[in-house]
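Colleague: I would like to learn how to read helix packing and residue surroundings in a model, one feature at a time. Could we go through a case together?

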Amino acid sequence: MPPSQAAERGGGAMTDDFVLTTCPYCGCGCNFYLAVVNGNIVDVAPCFTDRISQGKLCIKGRRAHEFIDNEHRLTKPLVRKNGQLKETSWDEALDFIAKGLSDIKSARLSSPKSDKADFFLRHKPGTDVAWLNGFMNIIINQNLHDEAFIKERTEGFEDLAKIVANYTPQKVEQITGIPAEQLTQAASAYARADSAMILYAMGITQHSTGTDNVKSIANLAMLTGNVGKAHSGVNPLRGQNNVQGACDMGALPNVYSGYQKVSDPETRQKFERAWGTSLPEKPGLTVVEMMNAAVPGTPYGEQGLLRALYIMGENPMLSDPDINHVRRALEKLELLVVQDIFPTETAELADVVLPGASFAEKEGTFTNTDRTVLRVRKAIEPVGNSLADWRIICNLAQRLDGNGFVYDSAEQIMSEIARATPSYGGISYQRLDEGQTLAWPCPTTDSPGTTFLHEGKFARGPGRFHSIEYIPTAEETDEQFPLILTTGRTMFHYHTGTMTRRIALLNYEVPTGYMEINPADAGRLQIANDEKVDVSSRRGHIEIPAKVTERVPKGTVFIPFHFAECAANMLTSAISS
Ligand code: SF4
């Protein structure tokens with residue numbers, strides 16, 4: 001048993017030297033040890049028995065302890081008075097929020113993976129449906145589709161076949177820029193593999209045709225029978241450590257935990273009974289809809305639908321598309337509460353800022369990209385007056401007369417999750433602390449969890465093929481805006497840089513943002529490497545150093561979105577499908 005688990009059982013993490021926990025950054029969910037000396041974390045030590053990292057951490061994880069005691073940590077609640085955020089007590093901050101909410105209520109991303117690929121098909125951004133339809137055209141014409149799987153487990157194949165028949169390799173080459181021969185070779189290799197796995201990143205979903213893109217990928221996997229068996233399927237890569245877990249817990253507008261639908265009366269009644277309250281019949285708003293709902297003149301805006309917003313551990317003033325629009329929305333709110341570990345660009349606009357505890361200062365779980373539930377363990381006490389997120393939420397809920405919200409520990413909350421959520425029904429701290437690897441669905445305490453989904457049948461019955469035509473991107477290039485912008489990450493920074501930009505080595509490696517541009521475009525525009533350039537879109541403008549590189553194709557530029565001083569999302573569009 002690792003020393004950290006011994007400490008956890010005894011409840012004495014503070015006295016131990018090494019605490020096994022989960023990385024606070026990406027969705028891989030690597031485990032490592034936090035080395036603790038005299039109540040301070042002094043290092044990260046790799047865990048060589050960890051199934052995921054096998055002791056090999058990336059540079060962010062290896063330095064993950066370095067932001068924890070940074071001088072800029074939020075250590076006390078802040079409330080805006082006379083236009084300034086001022087330090088205050090927890091009581092005053094929570095009373096302020098509770099009153100504000102009560103008053104309102106009473107009034108009513110690129111993938112670096114190409115290096116390892118046998119085929120690297122570089123398509124024009126926004127043309128995913130076209131090349132996916134092209135893949136399926138080739139597979140059907142070469143008779144490589146899985147007829148038995150299609151017959152036994154799917155519906156809608158004939159309609160799909162009619163649509164993709166139009167997407168010949170030559171037509172797809174015209175739309176996407178992928179040479180027909182390369183497309184044909186790659187499609188054939190995918191279909192001939194005994195099992196083939198599709199991994200996709202944010203460039204697929206965060207696009208105006210994102211929903212169509214995902215449905216087309218599912219079409220391709222079903223067409224070749226690459227669903228419901230080991231080493232296959234459709235696998236979205238999670239950029240953040242607990243995106244999967246947050247979605248699993250119902251941090252979506254239309255579902256409760258475990259994707260139980262808000263619109264289903266029986267499900268709603270189940271949660272009403274469990275929580276002793278009444279719940280809304282209609283789903284809420286997505287993030288993009290919320291930002292629109294706060295601004296008059298945009299959908300929902302005329303009704304003044306959104307008047308208060310409580311943001312936890314997110315920084316939409318850097319991470320959301322069209323930052324000027326986000327600023328307008330946040331400034332219109334009657335009450336903006338931000339809960340975070342550092343002062344962020346979003347916190348600068350808040351009425352109240354609440355200091356949360358970092359990953360090293362609280363108990364909990366993260367659920368990684370392959371649905372494995374991983375323990376997060378407390379290694380040190382929260383800095384200053386900061387508190388674990390669940391404690392803050394409970395303290396506020398009690399001021400709002402919320403039923404329940406009385407817990408002694410994060411473990412008690414996990415037990416409630418298991419009771420209310422069939423797919424998490426057999427997951428407990430005890431089993432995780434015994435070292436069991438549990439991926440959901442894990443419905444009972446003797447279930448070993450589920451390595452891959454959809455074995456034997458889909459939850460809805462037959463898998464439905466969606467017949468999808470390629471629709472050109474919502475915004476095309478023209479004479480005034482001749483280049484396509486894609487945004488994404490660098491391996492040295494995480495999300496909006498709130499944590500990683502406070503780590504010296506990572507800042508040394510990548511100190512600020514940059515725009516990658518192809519040498520052909522740079523030559524035409526007379527841009528030199530490292531030269532600072534003005535970049536404008538239909539929504540905004542930034543200044544940023546140029547990096548002239550073949551990494552991006554002609555006609556496309558790439559800007560990482562981590563950097564406030566040259567924020568890529570000043571330029572992007574919030575249009576969604
Ligand atoms: Fe592992 Fe991701 Fe953390 Fe790097 S950032 S150590 S890959 S979990």
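Predicted model: local features only at pLDDT ≥ 70, side-chain atom pairs only at ≥ 80, totals over all residues.

Colleague: At what angle do helix 7 and helix 8 pack?

Modeller: The angle is taken between the N-to-C directions of the two axes. Helix 7, which covers residues 169-176, packs against helix 8, residues 180-192, at an angle of about 115 degrees, and their axes are 8 Å apart. Because angles of 65 to 115 degrees count as roughly perpendicular, helix 7 is described as roughly perpendicular to helix 8.

Colleague: Which residues in helix 7 meet which residues in helix 8?

Modeller: From helix 7 come Pro169, Gln170, Val172 and Glu173, and these meet Ala180, Leu183 and Thr184 in helix 8. Sorted by class, the contact of helix 7 with helix 8 has four nonpolar, two polar and one charged residues.

Colleague: How do the axes of helix 4 and helix 7 cross, and within what distance do they come?

Modeller: Helix 4 spans residues 128-141, and its axis comes within 9 Å of that of helix 7, crossing at roughly 165 degrees. An angle over 145 counts as roughly antiparallel, which means that helix 4 is roughly antiparallel to helix 7. The crossing of helix 4 and helix 7 is left-handed. On the side of helix 4 the contact is made by Ala130, Trp131, Gly134, Asn137 and Ile138, and on the side of helix 7 by Pro169, Val172, Ile175 and Thr176. These residues divide into six nonpolar, three polar and no charged.

Colleague: Which residues are around the ligand?

Modeller: The residues around the ligand are Cys23, Tyr25, Cys26, Cys28, Gly29, Cys30, Leu57, Cys58, Lys60 and Gly61. By class, this shell around the ligand divides into seven nonpolar, two polar and one charged.

Colleague: Why does Thr486 count as partly exposed?

Modeller: Partly exposed is the class between buried, under 20% relative accessible area, and exposed, over 50%. Thr486 counts as partly exposed because its relative accessibility is 22%. Thr486 has its place in strand 15, residues 484-488. Leaving aside residues up to four places away in sequence, Thr486 touches Pro125, Thr556, Val557, Phe558 and Ile559. Ala410 is 76 residues from Thr486 in sequence and 39 Å from Thr486 in space, C-alpha to C-alpha.

Conventions. Residues numbered from 1 in each chain as written. Heavy atoms only, no water. Axes fitted to C-alpha atoms, helices over the stretch in contact; angles between N-to-C directions. Helix = DSSP H or I, 4+ residues; strand = E, 2+ residues; numbered from the N terminus. Parallel < 35°, antiparallel > 145°, perpendicular 65-115°, else oblique. Contact = heavy atoms within 4.5 Å. Nonpolar A, V, L, I, M, F, W, Y, C, P; charged D, E, K, R; others polar. Near = heavy atom within 4 Å. Left-handed = near helix turned anticlockwise from the far one by under 90°. Buried < 20%, exposed > 50% of the residue type's maximum accessible area, 1.4 Å probe, protein only.
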